[in-house]
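Hi there,

Here is the structure I promised to pass on. Have a look at it first, and then read on for what turned up.

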Amino acid sequence: MRQVRTLGLLGTGVIGGGWAARALNFGIDVIASDVDPKMQGWLTGAVETAQASLGRLTLAPLPPRGELRFTTDLAAMAREADFIQENIPEQLELKQRVIGEVSRQAAPDVIIASSTSGLMPSDLQRDALSPERVLVAHPFNPVYLLPLVELVGGTRTSSAALEAAAQFYTAIGMHPLKVRREIPGHLTDRLQEALWREILHLVNDGVATTGELDDAIVYGPGLRWAAMGTNLIYHLAGGETGMRHMLRQFGPCLKWPWTHLKAPELTETLIDRMVEGTQAQAAGRSIRELERLRDDCLLAIQQVLRQYDIGAGSTLRALEERLHVRAAVAAAPDTERAGELRIQTWVRPEWVDYNGHMTDSRYLQVFGDATDALWRKVGIDAGYRARGRSLYTVESHVTHQAQARALDTLTVFARVLAVDAKRVHVYCELVRADGTTVATGEQIYLHVDTTAARSAPMDAGVREQLEALVAAQARRPAPERAGRAIRMPPAA
Ligand SMILES: NC(=O)c1ccc[n+]([C@@H]2O[C@H](COP(=O)([O-])OP(=O)(O)OC[C@H]3O[C@@H](n4cnc5c(N)ncnc54)[C@H](O)[C@@H]3O)[C@@H](O)[C@H]2O)c1
């Protein structure tokens, strides 16, 4: 299957907009198509809104942002895309027809994935040319923040297409969950609907309001669910003997009619109760305000879970590791500045302070990312750290000479000035696209044995590579600002 540089979108509503934002953020170009030309303006706004949250997901170095284009010509989109994600309304015949048409325009190795919430891939691929590349990839709203994507193959989908799709979604920070067998509603919507049905019954029977039922989740099970699913949580509920005891104790309840299987009739009274209940919960807040609040919480939860390497936090960790490796691979020796590595970055809008300039703390981050890329080049990577070896920063000195503004492209030139058994002296220069030096960053790092929590000599291979970088620029003069101490010059 081909490398995905351009993602084609069919339908740019809530879900299409979410896919666009996610792909662009991770360096994929997007060509978005919709039959409604008004969706172009909507899409631009949706991507901007999503970016405000997505831009805060990780501090890891991101590749240059992808470019967004829009067209009402679905065939043109299909001819240009390396991977197509379909997000048009949930109507089987419409999806079958459009997937069929698009498959006749796209090259045969271009995967066509449907975001359908519950339709079966075997039905969707019915009219497609090369049906082996048609599959379901069901995301969750907001697509730009939730990593889950359910992958489902139909009777004619090839395992190679499923594997290639999984790789693509992983590359844009997602957790592809391969569903073993196609069933209506896949896995997650089956679970969500069971809960939703009980909610409708409880409201219909006048047992609880929508707010009380949401409290029943938010203050309890919902907090557990982000880290562990129902099964592992129930295993813990069984005490020392786990799930076996849990089933013995609570299994009999399954025979009692605690829950209803069939959904209640959607009468006008029930609809009114649901609508009035949720309006009361919204308490005058608009959908936009509530979305922002939801997104802030989703970001915070994933960042906390990352510390514990669990659930969506593990996905985020793995993504960050890949982003760092990618930045290191992209960091190239500079031909004109012997012995220096050139690392590209750009100023994210959220890095800018009230003066319109990149804020202080981001300079350290940019220099930190650059030295991280340098370390990886010389062999200090995840494997090295897993062996209890690492470099810790012991001193930093940043000087500022000019300003960087939002969206400015910046280059860091990283130079190793000195190295001995346990220490490395690094000097970085941050340069704008117009050649102006914006800042310099100078740091001393100490090599440590992280298990013993004390300094230790670095591995010979790493030291050799660092020494080679020092030797490569031995004939060049030391940087003018290197070794400066901070002090107030005497008043004139
Ligand atoms: N909304 C959700 O929470 C959610 C979650 C997961 C999956 N999905 C699935 O994603 C798909 C899209 O849902 P949505 O909520 O984004 O819908 P939406 O109504 O917001 O967007 C659908 C878009 O498709 C466009 N469209 C209609 N016919 C078209 C055609 N023939 N060609 C190109 N574009 C066309 C419409 O103009 C519209 O912009 C559905 O299959 C849905 O089941 C939705």
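Helix α4 gives the largest share of the shell around the ligand, with 3 residues. Please keep in mind that this is a predicted model. The elements that each bring two or more residues to that shell are α1 (14–25) and α4 (92–105). In total, 22 residues surround the ligand, and the closest are I15, D34, E90, K95 and S117. Sorted by class, the shell holds 10 nonpolar, 8 polar and 4 charged residues.

Which side chains have an N or O atom 2.6 Å or 2.7 Å from an oxygen atom of the ligand? For D34 the distance is 2.6 Å, and for S117 it is 2.7 Å. V14 takes part through its backbone: a polar atom there lies 3.2 Å from a ligand oxygen. On its own the ligand exposes 840 Å², and the protein buries 76% of that.

Now follow strand β14 (residues 437–449), which runs antiparallel to β11 (residues 389–400) and is joined to it by 11 bridges. Along this pairing, R389 stands opposite D449. β14 is also antiparallel to β13 (residues 423–432), with 9 bridges between them, and here L430 faces A439. The hairpin of β13 and β14 has 4 residues between the strands, and G435 takes a positive phi near 90°.

β14 pairs with β15 (residues 454–455) too, again in the antiparallel sense, over 2 bridges. V448 has S455 as its bridge partner there. In the hairpin of β14 and β15, A453 takes a positive phi near 55°.

Enjoy exploring!

Conventions:
Residues are numbered from 1 along each chain as its sequence is written. This is a predicted model: local features need pLDDT of at least 70, side-chain atom pairs count only at pLDDT 80 or more; totals for chains, interfaces and linings use all residues. Side-chain values use heavy atoms; hydrogens and water are left out. A residue is near a molecule or strand if one of its heavy atoms lies within 4 Å of it. A polar contact is a pair of N or O atoms within 3.5 Å; within protein, one must be able to donate a hydrogen and the other to accept it, and residues adjacent in sequence count only if both atoms are side-chain atoms. Accessible areas come from the Shrake-Rupley method with a 1.4 Å probe; for residues, only the protein chains shown count as cover. Ala, Val, Leu, Ile, Met, Phe, Trp, Tyr, Cys and Pro count as nonpolar, Asp, Glu, Lys and Arg as charged, and the others, Gly among them, as polar. Two strands pair if DSSP finds at least two bridges between them.
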